[in-house]
Number of protein chains: 2
Amino acid sequence: LGTLRTLHIERLVVIGTGLIGGSFALALKRAAAVGEVVGISRKPETLEQARRLGVIDRAGGYDQASFAGAQLVLVATPVGQMDDVFRAISPLLPRETVVTDGGSTKQDVIALANRHFAGSLERFVPGHPVAGTEKSGPEAAFPELFQDRRVVLTPMAQTGKAAQALVRAAWEACGARVSDMAAEEHDAILAAVSHLPHLLAFALVDEFAQRPNAERAFSFSGGGFRDFTRIASSSPEMWRDIFLSNRHAVSAELQRYRDKLAVVQKLLDAGAAEELEALFERSRSARARLL
Amino acid sequence: LGTLRTLHIERLVVIGTGLIGGSFALALKRAAAVGEVVGISRKPETLEQARRLGVIDRAGGYDQASFAGAQLVLVATPVGQMDDVFRAISPLLPRETVVTDGGSTKQDVIALANRHFAGSLERFVPGHPVAGTEKSGPEAAFPELFQDRRVVLTPMAQTGKAAQALVRAAWEACGARVSDMAAEEHDAILAAVSHLPHLLAFALVDEFAQRPNAERAFSFSGGGFRDFTRIASSSPEMWRDIFLSNRHAVSAELQRYRDKLAVVQKLLDAGAAEELEALFERSRSARARLL
């Protein structure tokens with residue numbers, strides 16, 4: 001019946017010890033799948049907080065001691081920092097170290113990997129855990145974040161099979177369902193199901209908040225407004241990077257949606273009762289079917 | 001220290017025994033504030049279900065026996081049915097019976113009241129419980145629906161003080177926080193905080209569902225898409241009526257939002273990192289402040 005190989009990562013380096021990186025470390029610890037977790041962060045106070053909360057075991061930095069003996073490095077910073085991070089770690093990585101990332105866009109991360117890991121692309125496994133909350137920082141991390149959530153890997157032609165298997169096993173140890181996909185398809189799908197809704201929510205809250213009666217009006221909102229705009233509380237820096245990285249796909253989605261709204265407004269202004277009801281009915285059934 | 005008068009409604013008639021009407025009846029029963037609840041519904045099976053679930057005590061109809069002795073009538077149908085309902089009940093109402101409604105728009109309901117209750121406007125108290133879920137029907141009703149939720153009353157100049165006090169007391173017995181407001185302000189505020197988000201969610205899901213890869217793409221969505229589109233599962237008929245009733249205010253809101261999206265798309269296409277991040281930051285802080 002074969003042998004069940006148990007995953008054990010002797011040493012893991014997490015760069016960016018916030019919601020994603022911190023939860024990855026906590027989930028692997030809970031699964032007893034990791035020995036030591038070394039954390040690296042731009043901000044000393046974040047790193048100290050991560051250590052105090054037990055998210056990481058040791059504070060590291062961009063030096064050889066921090067990467068020595070690391071089997072796996074997860075880069076869980078906003079995508080906009082990955083150029084600097086890849087450049088910094090490239091000369092420090094032991095030959096056998098596998099590198100993966102948690103970026104929400106993949107084509108741009110692959111371009112960066114091509115630039116900085118040119119001589120050792122077999123070690124690099126681009127990935128995206130489709131999970132998160134609107135919170136950020138080490139105090140937002142929790143080990144169940146990836147339970148039953150999807151993780152998409154978008155391996156490059158050069159990505160090594162062993163490296164890919166290690167990263168898949170690590171995410172599975174976190175409870176995630178792992179899929180492989182082409183980076184281009186990933187970016188197009190995420191533009192539709194994640195990036196566009198975030199952009200719409202940010203835009204709605206910003207437009208709303210600039211009214212003189214915003215507070216009074218908001219106090220009469222129900223659960224709909226709250227749920228609809230929850231994602232507008234997400235990290236501005238992370239989302240800035242996502243929109244810049246994936247802007248062509250997001251802009252195409254936004255254009256489609258604006259065209260749809262133009263049609264809807266025509267129906268509304270014409271008082272087109274049947275067409276509006278049919279649209280709502282289609283929408284309700286589609287959502288029920290999809291869920 | 002004054003006397004606490006306990007509300008007791010000997011007989012309540014609920015027209016429309018779904019989520020709102022049914023929850024109102026259940027909440028008053030739980031508060032021991034009501035004797036008999038008579039239910040009226042377009043659909044016999046809905047009425048039978050409401051009776052079987054204990055939401056109402058007796059199935060009624062548009063006849064004098066159903067309204068005899070009623071202290072309060074709640075019209076909790078979609079707004080589009082209220083013209084017919086008001087016309088039907090007007091000749092049946094005992095002189096002392098107070099009538100209120102649960103419609104999500106108020107200026108149009110007031111126009112209907114002016115038409116049908118012309119001789120007895122003191123009895124009519126326009127109201128809107130700002131509560132709901134995406135579910136509908138008697139099986140969706142539950143007594144806690146209005147707990148700590150807002151109810152807006154938009155009394156007309158002719159509305160009697162005693163009638164208004166009775167309706168306020170009934171909603172307070174359901175656990176709601178009751179405010180008075182001009183109907184015009186109500187409709188403008190609700191267009192922004194409720195009607196527009198619903199329209200945006202319906203439009204997004206409909207646009208999304210028409211893609212050939214909708215199911216595959218949806219399977220990679222996270223909690224953001226689900227929350228953002230939850231309200232797209234709401235009752236199509238109810239929302240058709242709301243949008244038709246309040247279409248000028250909703251159309252104005254939609255136009256503002258479309259203008260905002262045009263600005264956002266320009267920022268996106270220009271790769272305007274700072275402006276985008278500033279917008280997201282404003283949005284996140286505004287939401288934190290408002291909540």
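This is a predicted model: local features need pLDDT of at least 70, side-chain atom pairs count only at pLDDT 80 or more; totals for chains, interfaces and linings use all residues.
Helices (H or I, at least four residues) and strands (E, at least two) are DSSP runs, numbered from the N terminus. Residues are numbered from 1 along each chain as its sequence is written, chains are lettered from A and ligands numbered from 1 in the order in which they are written, and side-chain values use heavy atoms, with hydrogens and water left out.

For the complex, the predictor gives an ipTM of 0.85 and a pTM of 0.84.

Back to chain B and its sheet. Two strands pair if DSSP finds at least two bridges between them. Six strands line up as β3-β2-β1-β4-β5-β6 in an open sheet of chain B, with parallel pairing. At the edges stand β3 (58-59) and β6 (124-125), each with a single partner strand, so one side of each has no neighbour in the sheet. Further in, β1 (residues 9-15) and β4 (residues 72-75) of chain B pair in the parallel sense over four bridges, and I15(B) has V75(B) as its bridge partner in β4(B).

(Buried means under 20% relative accessible area, exposed over 50%, partly exposed in between, with a 1.4 Å probe and protein chains only.) The side chain of D101(B) makes a polar contact with that of K106(B) at 2.8 Å. A polar contact here is a pair of N or O atoms within 3.5 Å; within protein, one must be able to donate a hydrogen and the other to accept it, and residues adjacent in sequence count only if both atoms are side-chain atoms. The D101(B) side chain also has a polar atom 3.0 Å from the backbone nitrogen of G127(B).

G127(B) belongs to strand β7 (residues 127-130) of chain B and is likewise buried, at 0% relative accessibility. G127(B) and K106(B) lie 21 residues apart in sequence, yet 7.4 Å apart in space, C-alpha to C-alpha. Leaving aside neighbours within four places in sequence, G127(B) is in contact (heavy atoms within 4.5 Å) with residues including T100(B), D101(B), K106(B) and V152(B).

Now look at β7 in chain A. G127(A) and P129(A) point one way and H128(A) and V130(A) the other, and all are buried. β7(A) pairs with strand β8 (residues 150-153) of chain A in the antiparallel sense, over four bridges, and V130(A) stands opposite R150(A).

Among the helices of chain A, α5 (residues 107-116) has D108(A), V109(A), I110(A), L112(A), A113(A) and H116(A) buried. Their cover includes α4, β5, β6, α7 and α10 of chain A. In α7(A) you'll find H195(A), buried at 0% relative accessible area. The side chain of H195(A) makes a polar contact with the side chain of N246(A) at 3.1 Å.

That leaves the place where the chains meet. There, 87 residues of chain B are in contact with 87 residues of chain A. Together the chains bury about 8,400 Å², 63% of it on carbon and sulfur atoms; buried area is the accessible area (1.4 Å probe) that two parts lose on being put together, summed over both. Between the chains there are 16 salt bridges, a salt bridge being a side-chain nitrogen of Lys or Arg within 4 Å of a carboxyl oxygen of Asp or Glu. One of them joins R216(B) and E185(A) at 2.7 Å, N to O. On the chain B side, α7(B) gives the largest share of the residues that touch chain A, 17 residues.

Another bridge links R230(B) and D227(A) at 2.6 Å, N to O. This pair crosses from the loop between α9 and α10 of chain B to helix α9 (residues 223-229) of chain A. R230(B) is buried at 19%, whereas D227(A) is partly exposed at 24%.
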